[in-house]
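I opened my notebook to go through this one step by step. Here is what I looked up, in the order I did it.

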Amino acid sequence: MYVFILLFIKPTKYIHHHKLRGIAQELHKLNITEKHKILTLDIKDLYVNLPKQGIIQSTIFWLDKNNTSKKVKEQLIRLLKIIIEQNYFQYNDQFFKPKNGIAMGSPTSGMLAEIYLQRIEELHISHWIESKEIIYYKRYVDDIIIIFNHNKTNEIAITSVMNNINEQLEFKATMEVNKSVNYLDLTISRNINKIELSVYRKPTNANITIQYTSNHSWDHKRVAFTHYINRALMLPITEQARTQEWENICNIAQQNGFPIKVIKNIKEKEIAKQNKRPTRKNEKKTEQINNKKWVTFTYHSPLIRKVTNLFKNTGIGIVFRASNTIYQQLVQKIGNKTQVGYTK
C-alpha cells in the first residue's frame, strides 16, 4: 500500500528528508537582509490530531493531480479507508477507538501525515513563496522553519492562517529572540546579510552516553561521539561554534569517563575518512558492506571477539547486543508469568 500510493503521489520540494545537514547547507547559502525574520512552527500531537476525512480528501487531491485512472483511485481510497479505521489500541485489557487521528507506530502513519501536510503546503504555503513573502520554507515531519519578509507579512498573519486550516491541528509558533531561533539541532542566527549556524542542545540534555568502562562493545560506546564529531565537522557552522562544539564534546567525554586521547583518535579517523576521495575500490567496499549478511551476538565480555573474529572475510557482518539491559534488571520471570518491578 505504501509503495503503491507513492507511485502516484510525489513528495514536494517543501519537505526535507536529509534533516539537519541538508537544511543547514541551504540556510548557509541563503542571502537575507534586515527585512527578513525567522519563525519556527511545531505541530502539536500531529498523528493523534490528523483529520481522517482530511487525509482521504488530500489523497484524492494528489491522485487527481497526477491523472490517476478512476478505477485505480477507487481501489486506493477503499484501501485507505480500511487502514485509517484501524486506529484502535488496548489499555488495561480494554480496547479503545479514538474519534480522530491515525495509529501511532503504524508503518503507514508517516505516509498519511505527509499526504495531508503536503496538500496544506500546496494550497496555503506555495503562494507565499511565489510572492516572496516567504523566502524559505522547510519541514521535517512536524517541525517547520520559515524565513519571511517582514515588510510583506508577519508571524501573527502566518500563524493565524496555519491555525485556521483545521480546528484539530495546532501550530505552535516560536519567534526569534535576539535574531536567533532554535530548530532541530541548530541555533540559527541572522547576521547582516547571511545566516550563521551553531549546534543546539536542549537545556534538559543530560549529556549522558554509555560509560567508557561499561561492559559494552566498543562499537556501541563510540557511536555517540562519532555522531557528535561528524556533526561538528560536516555542518557549515561558524569556526567559533565549531571550537565551542569540540569543547562540549570533550566535556561530555570526560563526564562519561572517556580519556580525551580516545576522543581525539576518533576525530582523526573521521577526518581521514572525509578526506578520502571516492575511488572505485571504496565504492566496491561500500557495496560489499551493503550486501553482507548480518548476525547478532550477545556481548558478554571482550572475549566474544575471539569467536566473531572467525567470521572475518566471510561476507558475514557481526553486530552486538548488550547482555545487561534495563528490561533484564526490572523483570523477574516466575514460572510462565512475568512480573515487572523490584522485589526484596
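I began with burial: of the 344 residues of the protein, 36% count as buried, meaning under 20% relative accessible area with a 1.4 Å probe and protein chains only. I kept in mind that this is a predicted model, where local features need pLDDT of at least 70, side-chain atom pairs count only at pLDDT 80 or more, and totals for chains, interfaces and linings use all residues. Residues are numbered from 1 along each chain as its sequence is written, and side-chain values use heavy atoms, with hydrogens and water left out.

Next I checked confidence. The mean pLDDT (the predictor's confidence in each residue, from 0 to 100) is 86 for the protein, and 86% of its residues reach 70 or more. Over residues 338-344 the pLDDT is below 50, and this stretch has 12 contacts in the model beyond near neighbours in sequence; a contact means heavy atoms within 4.5 Å. Where pLDDT is low, the predicted coordinates should not be read in detail.

I then looked up the elements and found 13 helices and 13 strands, which are DSSP runs (H or I, at least four residues, for helices; E, at least two, for strands) numbered from the N terminus.

Last, I turned to a helix pair. Helix α8 (residues 218-234) and helix α10 (residues 260-275) pack at an angle of about 60°, with axes 9 Å apart; axes are lines fitted to C-alpha atoms over the stretch in contact, and angles run from 0 to 180 degrees between N-to-C directions. Among the residues making the contact are Trp 218 and Phe 225 of α8 and Ile 263 and Glu 270 of α10.

Key:
Buried means under 20% relative accessible area, exposed over 50%, partly exposed in between (1.4 Å probe, protein chains only).
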